[in-house]
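Subject: Handover of a two-chain structure

Dear colleague,

Please find the structure below, with its sequence. I would be grateful if you could read the notes that follow beside it.

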Amino acid sequence: MSSENKQILTTDGIPLEVSLKKAERKNKIKAFLLVAPLLLFLIITYVFPIGDMLLRSVDDKMVTQMLPKTFKAMEKWDGQELPEEEVFAAFHQDFIKLVEEKREGKLSTQLNYTKNGFKSIIKKLRRASKKFEEGNYKEQIMSVHKRWADVEYWRAIKRRAPEVTSQKYLKAMDMYTNEEGKIVSVDEDRRIHRILWLRTLEIAFFVTVFCFLMAYPIAHLLATLPMKYSNLLMICVLLPFWTSLLVRTASWMILLQQQGIVNDFFVGIGLVADDNRPEMMYNKTGSYVAMTQILLPFMVLPLYSVMKTISPSLMRAGKSLGGTPFIAFWKVYFPLTIPGIGAGCLLVFILAIGYYITPALVGGASGTLISNQIAFHMKSTLDWSFASAMGLMLLTGVLVIYWLYNKIVGIDNIKLG
Amino acid sequence: MALPKYTEPHYRIWHYIYLTICGAVFFFLIAPLFVIFPLSFNAEEFLVFSDGMKRLDPDAFSLRWYEDMIYGTKNPWGLAAKNSFIIAIFATIGSVLLGTVAALGLSSRHMPYKGLIMAVLISPMIVPLIISGVAIFFFMAKAGLAATHTGIVLAHIILGTPFVVITVTATLSGFDHSVTRAAASLGSDPVNTFMKITLPLILPGVISGGLFAFVTSFDEVVVVLFLAGLENTTIPIQMWTGLREQLSPTILAVATCLIILSTLILVTAELLRRRSERLRGINR
């Protein structure tokens with residue numbers, strides 16, 4: 001509306017456009033105020049703590065704060081030859097202070113992460129430092145142990161100077177920064193994390209495939225059967241969906257044990273010998289079977305809701321135009337179900353990739369996933385920054401899939417039950 | 001799904017193969033649940049069907065594991081059940097309040113940044129539980145709420161709200177806003193309109209969201225494992241500990257009770273869903 005035209009005024013003399021905009025803004029604020037409590041609650045208790053994980057995963061202030069004078073003196077050191085007396089003197093000052101505060105143990109643990117062999121020489125240094133004389137600390141420290149005269153160890157200390165580190169992320173990929181500052185992989189036989197990541201992807205992928213192969217026929221049956229039968233069969237899908245995860249895992253533990261019913265059945269039909277019952281639990285098989293059954297409803301429900309909207313006359317039309325039932329299915333029905341397939345597969349994959357409880361109970365050593373490793377470092381080794389780093393790597397992967405899901409399906413279209 | 005008479009034989013065979021596959025998948029889905037039921041009445045301590053059970057000998061069955069569950073000495077299940085119910089009830093109330101109000105705002109067509117905000121509100125459902133567990137643990141530890149009921153309730157509100165937001169938004173998507181305008185034009189203030197008009201209409205969605213939140217909290221074990229101290233033990237934690245250490249028939253007795261509970265919840269949720277669809281005039 002241009003200003004030359006006569007403006008339409010409301011009864012109280014304000015231009016209509018302004019008045020409408022004001023009302024619009026008021027409505028926007030009203031709507032936002034309704035969402036605000038939950039949004040604020042989630043931001044404080046959930047979004048910020050995830051940010052906190054990010055800070056923890058790169059945080060390396062501990063050593064920086066324990067050896068402030070040393071790192072200051074080391075700034076000028078090029079790392080080629082042994083450092084000058086100045087650095088040794090500063091290190092001595094820092095170290096005496098740490099001993100007074102009884103924190104030298106923490107320093108040795110931290111430095112040992114960077115290079116093996118610090119534990120014993122720090123213990124020796126603590127004992128020797130009580131008898132140190134004033135001046136010429138370089139000589140005195142170097143005489144404590146030959147490793148103190150090794151430039152490698154001083155380089156290792158210098159590497160801990162920055163306040164942030166990417167070491168935890170490298171460690172999660174089985175890599176580390178070596179003495180020359182290059183990023184290299186650990187020895188072949190110690191690459192446990194890569195195996196875990198690959199296994200997580202592999203199990204999530206195959207569980208998704210199995211779920212799809214099993215869910216498609218039954219979703220089709222549910223969608224095409226008359227209401228009174230399909231409602232009954234739907235209970236078979238919904239009851240496991242509503243039942244506790246632990247109960248379902250427990251039932252698999254009973255079924256798959258060596259004296260369990262599945263093994264009894266195999267022995268009964270003569271597939272395996274009674275004294276040679278296969279181990280079906282505490283390995284990958286256990287994870288596969290239990291996870292597939294537990295996640296199956298999450299595949300069936302989206303497929304069903306899409307198939308329900310496909311008119312049966314389309315298949316009839318396909319057939320009447322000369323297609324065999326298979327061609328009619330493949331060219332007409334299947335393409336129409338693709339949105340459901342996308343939704344179901346992404347949902348199952350997202351859930352499978354972060355699975356923790358079931359693999360921990362039935363997966364044994366060869367069926368555990370990256371989540372189990374995160375829990376292990378949270379609860380047993382207490383290396384929380386490492387757990388955070390792995391958690392965030394997993395989260396990044398999941399968020400990419402979530403974003404895809406949003407693009408393809410739209411989060412507003414998630415249906416439950 | 002009877003086949004027409006003119007169906008050719010090889011399609012007939014395919015059809016029966018298809019039905020067999022479907023039957024097998026349904027069996028795979030539902031059968032594991034029914035293993036627990038008879039074994040929980042086992043008179044012996046082993047988790048296999050004894051010869052007596054196979055012969056349906058009455059002596060092979062007993063209620064001893066149910067007695068052990070309720071009266072057993074040093075038994076954790078009583079405390080665990082109490083905690084589980086208290087936590088789940090408060091978490092459900094919190095989730096329903098926060099989630100319903102947020103869903104009302106989200107369904108308004110004036111809501112700015114709807115997609116982004118929805119993504120944040122739903123995220124606790126999508127982010128793997130282990131990551132949520134770590135993040136929430138860091139927060140609760142800082143706030144001094146680790147190993148308290150309050151901390152666990154707050155954590156479960158976080159995990160439960162997405163379900164309420166989704167179900168209530170879905171109910172509101174078929175909501176006829178002219179009824180609230182009619183109420184307003186008749187002089188009703190917004191709060192009164194909500195209580196008298198909107199809430200009764202969206203109630204099925206709110207209750208089914210609440211059921212989801214309840215089940216989420218009642219079943220949740222990953223986050224509780226990080227947060228709970230000895231005093232805050234819940235049924236899932238006890239089951240987890242039991243399953244890790246030794247699978248005892250008492251756990252199966254508990255599991256049977258949980259299956260009965262989930263059946264009740266399933267029936268309620270289904271009835272509500274049908275009622276809600278009838279109210280909204282959707283006939284599927």
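Domain bounds, as used here, come from an automatic or database domain assignment. On that basis, chain A is divided into domain 1 (61–163) and domain 2 (192–413). The centres of domain 1 and domain 2 of chain A, taken over C-alpha atoms, are 53 Å apart.

Two notes on conventions are needed. Residues are numbered from 1 along each chain as its sequence is written, while chains are lettered from A and ligands numbered from 1 in the order in which they are written. The model is predicted: local features need pLDDT of at least 70 and side-chain atom pairs count only at pLDDT 80 or more, whereas totals for chains, interfaces and linings use all residues.

The two chains

Chain A has 19 helices and two strands; helices (H or I, at least four residues) and strands (E, at least two) are DSSP runs, numbered from the N terminus. Chain B has 12 helices and zero strands.

The radius of gyration is taken over C-alpha atoms, and the globule rule is 2.2 Å times the number of residues to the power 0.38. For the 417 residues of chain A, a compact globule would come near 22 Å, but the chain has 32 Å.

A residue is called buried if 20 or more other C-beta atoms lie within 10 Å of its own, exposed if 12 or fewer, and partly exposed in between, with C-beta atoms placed from the backbone. Buried residues make up 35% of chain A and 44% of chain B. Two residues are in contact if their C-beta atoms, placed from the backbone, lie within 7 Å. Among contacts with a separation of 6 or more, residues 24 or more positions apart account for 66% in chain A and 75% in chain B.

Where the chains meet

In the interface, 75 residues of chain A are in contact with 76 residues of chain B. Helix 1 (residues 16–58) of chain A supplies the largest share of chain A's side, 19 residues. That side has 53 nonpolar, 16 polar and six charged residues; Ala, Val, Leu, Ile, Met, Phe, Trp, Tyr, Cys and Pro count as nonpolar, Asp, Glu, Lys and Arg as charged, and the others, Gly among them, as polar.

Lys28(A) lies in helix 1 of chain A. This lysine touches His110(B) and Pro112(B), leaving aside residues up to four places away in sequence. Lys28(A) counts as partly exposed because it has 14 C-beta neighbours inside 10 Å.

Helix 5 of chain B

Helix 5 (residues 114–126) of chain B has 13 residues and should span 18 Å at 1.5 Å a residue, which agrees with the 18 Å between its end C-alpha atoms. The expected span is 1.5 Å times one less than the number of residues. Helix 5 of chain B bends by about 35° at Val120(B), and Pro124(B) follows within four residues. The bend is the angle between axes fitted to the seven residues ending at a residue and the seven starting there.

Several residues of this helix are buried, including Met118(B), Leu121(B), Ile122(B) and Pro124(B). Their cover includes elements of both chains: helix 1, helix 16 (325–353) and helix 19 (384–408) of chain A, and helix 4 (77–107), helix 6 (129–143) and helix 7 (149–173) of chain B.

Individual residues

Tyr113(B) is in the loop between helix 4 and helix 5 of chain B. Its phi is positive, about 50°, although it is not a glycine. Tyr113(B) counts as exposed because it has 11 C-beta neighbours inside 10 Å.

Tyr282(A) also has a positive phi, near 60°, and lies in the loop between helix 13 (261–268) and helix 14 (284–307) of chain A. With 18 C-beta neighbours inside 10 Å, Tyr282(A) counts as partly exposed.

Asn192(B), in helix 9 (residues 190–219) of chain B, is exposed, with 12 other C-beta atoms within 10 Å.

Yours sincerely
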